[in-house]
Amino acid sequence: MAGKYQRGKQQAKAPKARKVELTHTVADFEAAFWPDEQPVDNAVVMTMGALHEGHASLIRAARKQVGHDGRVAVTVFVNPLQFGAGEDLDRYPRTLAEDVKLAEANGADVVFAPSMEEVYPNGEPQVRLSAGPMGEGFEGTSRPGHFDGVLTVVAKLLHITDPDFAFFGEKDAQQLAIVRRMVADLDFDVEVIGVPTLREEDGLAMSSRNRYLSETERTQALALSRALFAGRDAAAKGPKAVREAAAAVLDGADGVTLDYLALIDPDAFTEAPDDFQGEAVLAVAAKVGSTRLIDNVHLICR
């Protein structure tokens, strides 16, 4: 693998015109991402494609972090290990041509879109990472093994891309927490940076799965963000008030089948007790029609 450029070294001085390069193999990615020996910072944004403005914000944050002369990679890979039985692996949108355009417009240098065989050359891996207790609740309860699949592919992609910085969206709060814990526990030499959730003007969190919603379902889905905002507004009254305010919005919401609504201690990613004080994550997961959506907000309990 190409040598890693250590943080703290002087960045390359000569600015370059930026045109994204699409690669499909590890060898081609390495040649494109490390074209010379200039000591610049590198960043990666990992995605499953179907990119939208939320992903664009991650790419822009990565570009800002590494500067004009740094290198930004975007990975596009629909990882089968993180889909459970009956989930939407085959249905998941593939829009690579549009993804490349969005990546280029927002500052990426390289898009790495490998095949299944390139990422898992020996078939599905026999040895996988385990998310442990942090992966068992909330999303892990609804999607057993999901985070084991996430960590396995994130670890592989970190080895391949070898970045100084990795950017993840805060909308996937449990994923972000678990990836950070993996990096700390297993001594990955990368800084994981979370980027705030982007929302539509009406409050709906941006998601690749929003395209599955009918016009009616999209309106119904707004109950999720309204519930979160109601909970956040009640934070000064404590955790019990947060839960009650959010639940009041979701109770009887048309078209919404609630999976969980939880106030979470972000350090251990466990349910916050009623006497909890400090920063917390109010998270919700629900089906609207046949589409499963997640969302969350950060708040301060008093």
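Predicted model: local features only at pLDDT ≥ 70, side-chain atom pairs only at ≥ 80, totals over all residues.

Reader: OK, which residues does the UniProt "binding site" annotation cover?

Author: Gln82 and Gln175, according to an unreviewed UniProt entry. Positions follow the numbering used here, feature names are shortened, and annotations may be inferred rather than shown by experiment.

Reader: And why do they gather at one spot?

Author: They span 94 residues in sequence, yet no two of their C-alpha atoms are more than 11.3 Å apart, so they end up at one spot.

Reader: Where's Gln82, and is it buried or exposed?

Author: Gln82 is in the loop between strand E3 (71–76) and helix H3 (96–105). Helices (H or I, at least four residues) and strands (E, at least two) are DSSP runs, numbered from the N terminus. Gln82 is buried, at 10% relative accessible area. Buried means under 20%, exposed over 50%, partly exposed in between, with a 1.4 Å probe and protein chains only.

Reader: What does Gln82 touch?

Author: Leaving out residues up to four places away in sequence, Gln82 touches Met48, Glu87, Arg143, His146, Gly149, Val150 and Val153. Contact means heavy atoms within 4.5 Å.

Reader: On to packing. How many residues are in the largest nonpolar core?

Author: That core has 45 residues, and Phe29, Val154, Leu158, Phe168, Met182 and Val183 have the most contacts inside it. A nonpolar core is a set of buried Ala, Val, Leu, Ile, Met, Phe, Trp, Tyr and Cys residues joined through side-chain atoms within 4.5 Å.

Reader: Which elements give two or more residues to this core?

Author: Among them are helix H1 (26–33), helix H6 (146–161), strand E5 (165–169) and H7. H6 gives the most, with nine residues. There's also a second, separate core of 26 residues, including Val242 and Leu299.

Reader: Switching to rings: how many aromatic pairs?

Author: Eight across the whole structure. One of them, Phe33 with Trp34, is edge-to-face, 5.5 Å centre to centre with 65 degrees between the planes. Rings of Phe, Tyr and Trp (its six-membered ring) pair if their centres lie within 6.5 Å; planes under 30 degrees apart count as stacked, over 60 as edge-to-face and the rest as tilted. Phe33 is buried at 0% relative accessible area, and Trp34 is buried at 7%.

Reader: Which residues form one aromatic cluster?

Author: Phe29, Phe33, Trp34 and Phe112.

Reader: Last one, where's Asn106, and what does it touch?

Author: Asn106 lies in the loop between H3 and E4 and counts as buried at 16% relative accessibility. Not counting residues up to four places away in sequence, Asn106 touches Ala56, Ile59, Arg60 and Arg63.

How values were computed:
Residues numbered from 1 in each chain as written. Heavy atoms only, no water.
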